Amino acid sequence: MFTRVFFMSDLNVDLYWSFRSPFSYIILPEIKRLITAYRVHVTVKPVYPLIIRVPDYFQKADPRFFSYLLRDAERTAQMQSIPFAKPEPDPIVMHQETRMAAPEQPYIYRLNRIAAAASLTSDILPLVDEVSQLIWSGQVQNWHAGSHLQDAIQRAGYDLATLDHQAHTQPKALDAQLAQNQKDLESAGHWGVPTLIFKGEPFFGHDRVSHLIWRMQQHGLQAR
């Protein structure tokens, strides 16, 4: 499990993040290096994937968009020695013919709501780190089956049954929190993930951490 210590003098950064985004997974090692090297506190703010927020998004996009995205993500992961495989199952249940999300979404609502529930009381970077590795690393078959998710949540320091209970009993409140995250992201000037926000300025993409460091150095960024 990844753990960290932060201080009142740390600079604060928000990371807008999705379980379905391969580049949200790929950025996490860089985020962990960032907070290990510098006096920075990163708050993860989960949002629903675009296909949930904008149901016809992929219908309007070029049909090659998603296949290229996965190819680029796989290539980037290989360059950075990050284990990577297309998730099975996809966190989004999607009709391949129509490129629309199915009405029933057994995975993404659960994942986002348990992350939102956990964020009410503590830092969820360890949680999204463990769960995203489970989904995207290819190190297990059927990440949703058996005790895989429970074990990942436990490694992050949480109890899945407790988080599931909150997700089942407070879905509207948790979805309102997730919707607010999305509104805050859009108010800062972007809509996609992963996006880092520092003092209201957005840095979109897994390859913008160096730009963020440069900006924070102008605001007194300190090494640990």
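The sections below proceed from the overall fold to individual residues.

## Basis of the model

The model is predicted; local features need pLDDT of at least 70 and side-chain atom pairs count only at pLDDT 80 or more, whereas totals for chains, interfaces and linings use all residues. Residues are numbered from 1 along each chain as its sequence is written, and side-chain values use heavy atoms, with hydrogens and water left out.

## Overall fold

The protein contains 10 helices and 6 strands. These elements are DSSP runs numbered from the N terminus, helices being H or I of at least four residues and strands E of at least two. Along the principal axes, the C-alpha atoms fill a box of roughly 50 × 40 × 35 Å.

The radius of gyration of the protein is 17 Å, which agrees with the value near 17 Å for a compact globule of 224 residues. This radius is taken over C-alpha atoms, and the globule rule is 2.2 Å times the number of residues to the power 0.38.

## The mixed sheet

An open sheet is formed by 4 strands in the order β2-β1-β5-β6, with mixed pairing. Two strands pair if DSSP finds at least two bridges between them. The edge strands, β2 (40–46) and β6 (201–204), each pair on one side only. On average, neighbouring strands of this sheet are turned by 25° against each other, direction ignored.

Strand β1 (residues 11–17) runs parallel to β2 and is joined to it by 7 bridges; Trp 17 has Pro 46 of β2 as its bridge partner. Helix α9 packs on the sheet, where it touches β1, β2 and β5 (195–198), and its direction makes about 120° with that of β2. Strands β5 and β6 run antiparallel and are joined by 4 bridges, with Leu 196 paired to Phe 203 in β6.

## The contact of α5 with α9

The axes of helix α5 (residues 108–119) and helix α9 (residues 171–187) come within 9 Å and cross at roughly 85°. Axes are lines fitted to C-alpha atoms, for helices over the stretch in contact, and angles run from 0 to 180 degrees between N-to-C directions. Helix α5 is therefore roughly perpendicular to α9, a term for angles of 65 to 115 degrees. On the α5 side the contact is made by Asn 112, Arg 113, Ala 116, Ala 117 and Ser 119, and on the α9 side by Pro 171, Leu 174, Asp 175, Gln 177 and Leu 178; contact means heavy atoms within 4.5 Å.

Arg 113, in helix α5, has a side chain joined to that of Asp 175 by a polar contact of 2.7 Å. A polar contact is a pair of N or O atoms within 3.5 Å; within protein, one must be able to donate a hydrogen and the other to accept it, and residues adjacent in sequence count only if both atoms are side-chain atoms. Leaving aside neighbours within four places in sequence, the residues in contact with Arg 113 include Tyr 48 and Ala 167.

## Backbone features

Most residues other than glycine have a negative phi, and most peptide bonds are trans. A cis peptide bond joins Glu 88 and Pro 89, with omega about 0°; Pro 89 is in the loop between α4 (65–79) and β3 (94–95). The bond from Val 193 to Pro 194 is also cis, with omega near -5°, and Pro 194 is in the loop between α9 and β5.

Ser 81 is not a glycine, yet has a positive phi of about 55°; Ser 81 lies in the loop between α4 and β3. In the hairpin of β5 and β6, which has 2 residues between the strands, Lys 199 takes a positive phi near 50°.

Key. Angles under 35 degrees count as roughly parallel, over 145 as roughly antiparallel, 65 to 115 as roughly perpendicular and the rest as oblique.
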